[in-house]
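Welcome! Open the structure in your viewer, get ready to select a few parts, and let's take a walk through it together.

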Amino acid sequence: MPITRRQLLVGAGAATGVAVAASATVLADEVGKDPVPSLLVDDVIRTTCSPNCTGSCGQLAFVRDGKIVKIQQAADYPDAVYSPRGCMKGLSYHLQIYGPDRITTPLIRTGERGSGEFREATWEEALDKVASELKRIGDAYGYDSIHVFGQVPGSGYVHKGANYRASAALGMTHGTSFDYNGDLPMAMPITFGVQNAEHEAKDWANAKFLLIVGANPIETRIPDAHFLFDAAANGARLVVVDPVFSGTASKADTWIRLKPGTDAAFALGVANVILREELHDAEYLRSYTDAPLLVNETTGKRLREADLTPGGSAERFVVWDEGTGAPATVGIDRLGMPRGVAAALTGSYEVTLADGATVVARPGFDHVRVEVESWTPERASEICGASADIIERVGLAYATEKPGAILMGGGSNHWYHGDLIGRAYALLAVMTGNVGRSGGGFSVYVGQYKVRLFTQPWWYPDEIKPPTLSTIYWVEGRTETMSPLAPYPENGFKALFLTFSNFLLQSPNLNKVYERLAEMELYVVVDHQMTETAKWADVVLPATTWYEKTDLTATPLHPFVQLQQAAIDPVGESRSELDIWSELVRRIDPDAYAAHFEGQTEETAIEMMLAAGDVPGGPTEGMTLERLREGPVRLNVPDPDVAFKAQIEDLVPFPPVSLPAPIEATQVFLPTRRIELYKEEDRFLELGEQVVTHRDPFDDGVHDPAEYPLALLSPHSKWRIHSTYSNNAWLEEIHGGRPQVLMNPVDAQARGIADGDEIEVFNSRGSLKAWAHVHDSAGPGTATLPEGWWSRYFLEGKGVNELTSSAINPIHEVWYVPNIWAPSTGWKDCRCEVRRV
Amino acid sequence: MSAVATAAGTAERRSWGPIWYGLLTGGMVVGLGCFVYQWINGLAVTGLSNTISWGMYIISFMFLVGISAGGLIVAAGAELVGSERFRSLTRLAVLLSGAAILAAAISIMPDLGRPQMVWRMLRQPHWTSPLIWDVLIITVYLSIAAIDLYILTRPNPRPGAMRTMAFIALPAAVLVHSITAWIFGLLVARPFWNTALLAPMFISSALVSGLGLLIVTAYVVDRTTEWEPERGVFQDLARLMVWFIAVDGFLLFAEILTTYASRVPDHLKQLNVLLTGRLAPVFWAEVIIGVVVPFVICASRLRERRGWVVAAGVLAMVGVFGKRINIVMTSMFMPLVGLEPGIPGGRAGQEFAPDPIYIPTWVEMGILLGLACFVGMLITLGVRYLVAPERTVRA
Amino acid sequence: MSDATKVSPIEALPEASREYGAVGEVSEEPRWGMAVDVERCIGCWSCAVICKSENDVPLGMWWNRILTKGEELDTPQTGEFGTLEMSWVPLACQHCDDPPCMKVCPTSATYVDAEHGHLVGVNQDDCIGCRYCMAACPYGVRVFNWGEPEYPVEGFDLGMVEPRPIGSVEKCTMCIHRLEEGQVPSCVWSCPAQARIFGDLNDPESRLVRTIEDRNGTQLLEEKGTKPKVYYLEERRRRSL
């Protein structure tokens with residue numbers, strides 16, 4: 001070796017010395033650094049997040065070099081209690097705008113349907129193809145054989161409205177989403193004659209007692225959840241009713257575990273307590289409801305003046321005046337009772353008819369009384385699983401801690417007999433006089449369905465309305481009990497045109513839906529992401545998101561109208577629904593195009609709709625596009641916006657209008673023009689549902705509980721808005737990306753299933769494979785799998801909706817007004833069995 | 001010495017010498033290659049994560065610091081006490097210390113996310129950081145080892161020079177281990193480390209492992225070169241080992257007993273990871289293989305046989321390595337804020353880790369191999385040129 | 001758009017939005033702090049997501065995360081009396097007044113910024129990636145760039161701050177880049193449950209201090225002596241039926 005050891009040692013020593021010296025001679029820089037302000041942007045644009053969650057939250061898009069680099073809430077609500085709104089999903093939406101699943105060009109199928117084999121095409125080619133096919137089918141079978149279905153997300157009144165406008169122009173059948181989604185709370189039209197009527201969210205803070213049933217606002221109404229805490233801070237009591245210990249249950253003062261689908265029994269037990277303790281508001285019942293109106297015992301129909309007196313009115317009803325001991329009549333032009341009449345609410349009376357015969361008649365409320373009295377807390381407890389003791393306590397508290405608000409969600413509504421469940425809760429609200437007052441009410445929060453301004457000029461050009469058929473009929477076909485008003489096309493359906501819908505994942509009874517799909521000669525999907533629904537399409541047309549177009553939006557949760565505004569150019573070659581339909585209609589029917597689409601833009605559409613309501617007392621009085629560009633503008637509604645205020649305060653007859661239906665269409669629901677606790681239509685009588693009662697879940701009759709012992713619940717997960725955000729990378733990091741079926745340890749152990757095991761969930765309609773999550777928070781006898789997971793996340797199967805039911809309740813077919821009185825899907829009414837894989 | 005024997009010995013050395021050097025060099029190349037790979041791709045190529053943010057590199061750093069002490073303390077201690085028995089080992093002991101501490105200093109480099117910035121530690125050292133103290137004391141310690149070696153290899157060593165050095169060396173050795181312990185022991189965030197006993201435990205473990213290394217190396221050098229220790233020195237070392245293991249074992253026992261008796265839930269949870277949980281196999285292996293067996297060997301008549309003593313030395317070193325694993329891993333497994341879902345993993349696709357595992361990757365093992373070979377190379381070269389060069393073969 | 005015409009995202013905010021997020025009056029030498037209301041936290045992770053968005057935090061890393069007081073993420077635990085319970089605790093850098101991370105950093109890359117509210121900052125230029133600060137932080141809030149950072153979009157940078165280099169540590173900065181322009185940190189802005197309050201701990205009249213006092217706000221791991229500037233407001237009494 002060339003180096004001597006002496007040199008080696010000396011060298012090492014020297015090096016060490018230098019190092020020590022160097023570290024000793026500190027030339028430390030200044031520690032830290034000056035803060036650097038935010039990186040610059042091109043602009044900040046305000047739009048409204050619109051994925052179908054009812055949040056309708058204002059968002060700011062921060063744009064740099066033409067790309068959205070951040071989304072953050074606008075927090076600019078004139079009513080500061082509403083700010084900031086928004087949630088983790090909306091804040092991460094740009095991941096989807098630019099994500100790998102974004103569709104950027106029109107696609108035309110090259111392989112078999114569902115193979116996912118497409119080729120990119122120009123818009124010209126794609127539009128020509130779709131238009132020619134639509135025309136061919138329209139000419140061959142009638143344009144009503146084309147089913148146009150626009151789901152809620154992505155759009156507002158303009159672009160969803162384009163679906164309506166085009167359907168009207170060409171005569172295509174427009175489908176329905178509110179009832180198809182199961183969100184139509186049939187109890188509302190049945191009881192109150194309206195599509196739905198909720199209190200605005202800030203009114204929750206005015207309640208002294210909040211009964212939250214089948215709802216999980218902490219997870220599904222994130223921007224509004226804080227109003228519950230505001231209420232609690234004001235001394236309100238929060239009671240949550242849910243088979244599962246949910247996020248909302250964790251915030252409750254009391255959580256009541258209920259067996260799924262048994263809310264009617266529970267509510268009737270509560271009503272029993274209220275009635276027994278005489279805590280109900282008899283005057284309220286007299287003034288606003290059909291409680292005192294006499295019902296003919298023999299026929300089950302209400303008595304009318306015409307029955308008692310020749311030449312009497314068929315629109316005046318009869319009460320028993322306890323003061324005079326004789327019948328008195330009541331008109332429908334105003335609520336209340338005639339002065340001096342002490343109308344009976346209970347009892348049995350002999351009434352002489354016009355032809356001299358006497359009949360026994362009882363007030364409608366007497367029928368309710370009989371039913372309610374049969375539901376002792378003990379009996380209710382046996383059915384619903386809540387203890388008789390807690391039912392007592394709820395009854396006493398709800399009736400005395402006023403105002404009391406009932407908030408109902410999909411967990412209680414999504415049942416075949418969801419109308420009975422809702423009617424039972426509505427009964428509680430009505431009995432205690434909580435309807436129509438701030439801090440009270442019976443509010444059902446489920447869908448972003450609400451038409452809050454006059455959309456008719458845009459949706460129905462020249463007052464032409466498209467045939468509008470509940471989409472459940474596309475799945476089920478005609479039913480025997482279908483209302484004659486429902487426009488089922490003569491030749492059935494031959495084409496399906498979807499906008500912003502994950503139809504092949506989020507429809508009930510998926511396997512049946514796929515069978516129906518095979519019958520379609522044309523299947524077109526307009527969407528912004530390649531979902532399984534898009535994968536099966538013949539033609540896929542790329543759509544713009546709410547960051548790439550202008551639209552007008554509103555929601556039931558708050559009374560602000562907002563704009564969507566484009567922050568960036570459309571990504572790739574995507575286009576808006578209005579653009580797409582304009583081009584299609586132009587190719588199919590140039591005259592219709594000239595009449596209804598030529599020259600129409602997002603702005604003209606908006607101004608058209610605003611102008612229609614800009615009349616004294618109209619919903620958009622004083623609202624202009626310019627004002628909307630600056631921020632949210634309040635609708636012309638009371639503050640706080642409380643349901644049925646005019647009815648309760650000013651005795652205006654029920655029902656208020658349910659846009660966009662004309663009042664004539666919905667008035668028929670309430671022949672008495674009062675809140676109806678008793679329904680006299682034939683089908684109610686046939687089925688024994690004239691007053692609210694409890695019925696066991698419908699699927700118990702389809703799937704024998706002995707064979708399928710578990711109730712399959714598919715609630716909404718906080719990580720998705722239905723299936724939107726299923727593929728969001730940030731959110732997946734948090735929740736792990738594995739669909740889990742929540743089961744109770746008792747059920748799991750009986751099946752040899754441990755936490756994390758791979759399991760199969762199945763019934764006669766379908767099956768899937770996923771993972772088990774075994775925990776006490778699940779109710780015994782239940783399996784909970786949140787809906788919305790894209791199929792690719794499962795081990796096998798398309799998703800939870802392979803198992804759900806598309807059954808139609810004939811009660812929902814007594815009348816037909818699309819989205820307002822129509823079959824409402826019962827997603828939670830579903831039985832299954834689970835086994836280890 | 002007959003010429004034949006010399007020739008035979010030389011021939012023996014020559015035959016597997018190149019293989020040995022070849023293996024060491026190969027190992028170092030592998031290590032360097034892995035280091036470069038890691039430098040380019042980042043520490044993502046290791047098994048580390050945000051929860052278990054320190055792993056094999058820190059463990060081997062602790063271990064290398066540990067084994068560097070034993071030798072020097074034995075040598076310095078012998079000097080100070082005036083003992084002649086270990087004289088023959090002094091040079092070897094000092095060499096081992098120097099080599100190990102140099103390797104320890106280098107072993108920190110692969111653990112850095114931005115090794116190219118390490119000079120900033122010298123430009124703007126933050127004096128409250130135990131890492132800076134460690135840099136200082138390691139530098140001092142390395143200097144002492146170098147100076148000692150220089151003194152020892154001079155043909156006419158000044159009398160008393162080593163003794164003077166011993167006065168500096170012994171406290172320096174104690175400080176090296178204490179400061180290294182204080183890197184961990186002063187952190188309130190890690191209750192398992194935050195004990196006054198940590199520094200004494202580091203010192204006692206260092207003595208055990210350092211002595212083990214000395215025993216093993218002395219044996220190997222004796223067998224492969226003409227260097228020879230004094231007769232009976234292995235037994236003496238074994239007797240020393242008994243004391244070292246006893247103290248080390250006692251400190252361990254005291255620590256466990258105190259934690260166990262305190263019933264503080266957080267501390268108990270961490271302790272149970274060791275006693276019955278994920279690290280139980282390593283812990284009980286450490287206790288049995290690293291404490292009980294060597295103790296028995298060295299305390300019994302087995303120590304009269306060199307082979308057994310060497311075995312004890314190896315086992316003791318393995319045991320101390322296990323202890324390093326336990327020390328680092330126990331605290332890393334149990335962050336103080338232990339709520340679900342835990343700490344985010346750190347890389348794309350790596351979700352939150354409520355129950356993190358750490359499996360060292362081939363990159364880490366490659367670098368460790370490189371370090372081991374580096375130490376081996378230093379020792380081999382040192383033995384070749386400083387401890388047992390041809391001209392200083394003892395008669 | 002050319003760089004010359006770019007603007008500050010704070011200046012470009014619509015008026016009403018800017019008012020919403022304004023920090024308001026502060027004392028001469030503010031000490032920036034925060035209160036998190038556990039009663040109102042609904043575990044939605046909006047604050048965590050906006051932090052990730054605002055600061056261009058790479059995939060696999062979170063500066064802010066929402067811990068579940070339960071058995072697993074969003075899964076309740078059984079309480080003392082056999083009932084189910086669950087709540088959420090958002091956790092990010094506590095910006096301690098006596099930060100253990102700063103003390104152990106060998107290059108002073110981690111420092112207390114006395115001129116900017118006594119926030120604990122990290123200068124990635126000085127960071128050697130030794131991860132000593134990560135071992136020293138009792139809250140586990142620091143994350144490390146183990147590899148080249150990865151992002152969910154390609155071709156452009158997200159967020160409002162520069163990305164950090166591979167091999168460096170990063171953590172919540174209390175959005176100091178926003179504080180510079182008088183706006184609250186993004187997590188405070190974006191909490192839909194209105195569960196976060198930001199302000200000056202040195203101002204006894206501030207809403208922050210008054211609320212901490214009214215609600216008996218506590219600190220995490222108070223006994224460790226790190227003096228965090230983040231306070232947690234516990235749930236008030238419940239009234240079961």
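Before we set off, keep in mind that this is a predicted model.

**Stop one: where chain A meets chain C**

Select chains A and C together. How many salt bridges are there between chain A and chain C? The count is six. To see a salt bridge up close, select A:D65 and C:K6: their closest N and O atoms are 2.8 Å apart.

Now pick strand β3 of chain A, residues 67-73. With seven residues, β3 gives the most to the side of chain A that touches chain C. Colour that side by class and you will find 42 nonpolar, 18 polar and 19 charged residues.

Next, zoom out to take in the whole contact region. Here 79 residues of chain A are in contact with 74 residues of chain C. The area buried between chain A and chain C is about 6,400 Å², and carbon and sulfur atoms give 60% of it.

**Stop two: a sheet in chain A**

Move on to three strands of chain A, which form an open antiparallel sheet in the order β11-β15-β14. Which are the edge strands? They are β11 (294-296) and β14 (349-352), each pairing on one side only. On average, neighbouring strands of this sheet are turned by 45° against each other, direction ignored.

Select β15 (358-363) beside β11: three bridges join these antiparallel strands. Look for A:N296, whose bridge partner in β15 is A:A361.

Technical notes:
Residues are numbered from 1 along each chain as its sequence is written. Chains are lettered from A and ligands numbered from 1 in the order in which they are written. This is a predicted model: local features need pLDDT of at least 70, side-chain atom pairs count only at pLDDT 80 or more; totals for chains, interfaces and linings use all residues. Side-chain values use heavy atoms; hydrogens and water are left out. Contact means heavy atoms within 4.5 Å. Buried area is the accessible area (1.4 Å probe) that two parts lose on being put together, summed over both. A salt bridge is a side-chain nitrogen of Lys or Arg within 4 Å of a carboxyl oxygen of Asp or Glu. Helices (H or I, at least four residues) and strands (E, at least two) are DSSP runs, numbered from the N terminus. Ala, Val, Leu, Ile, Met, Phe, Trp, Tyr, Cys and Pro count as nonpolar, Asp, Glu, Lys and Arg as charged, and the others, Gly among them, as polar. Two strands pair if DSSP finds at least two bridges between them. Axes are lines fitted to C-alpha atoms, for helices over the stretch in contact, and angles run from 0 to 180 degrees between N-to-C directions.
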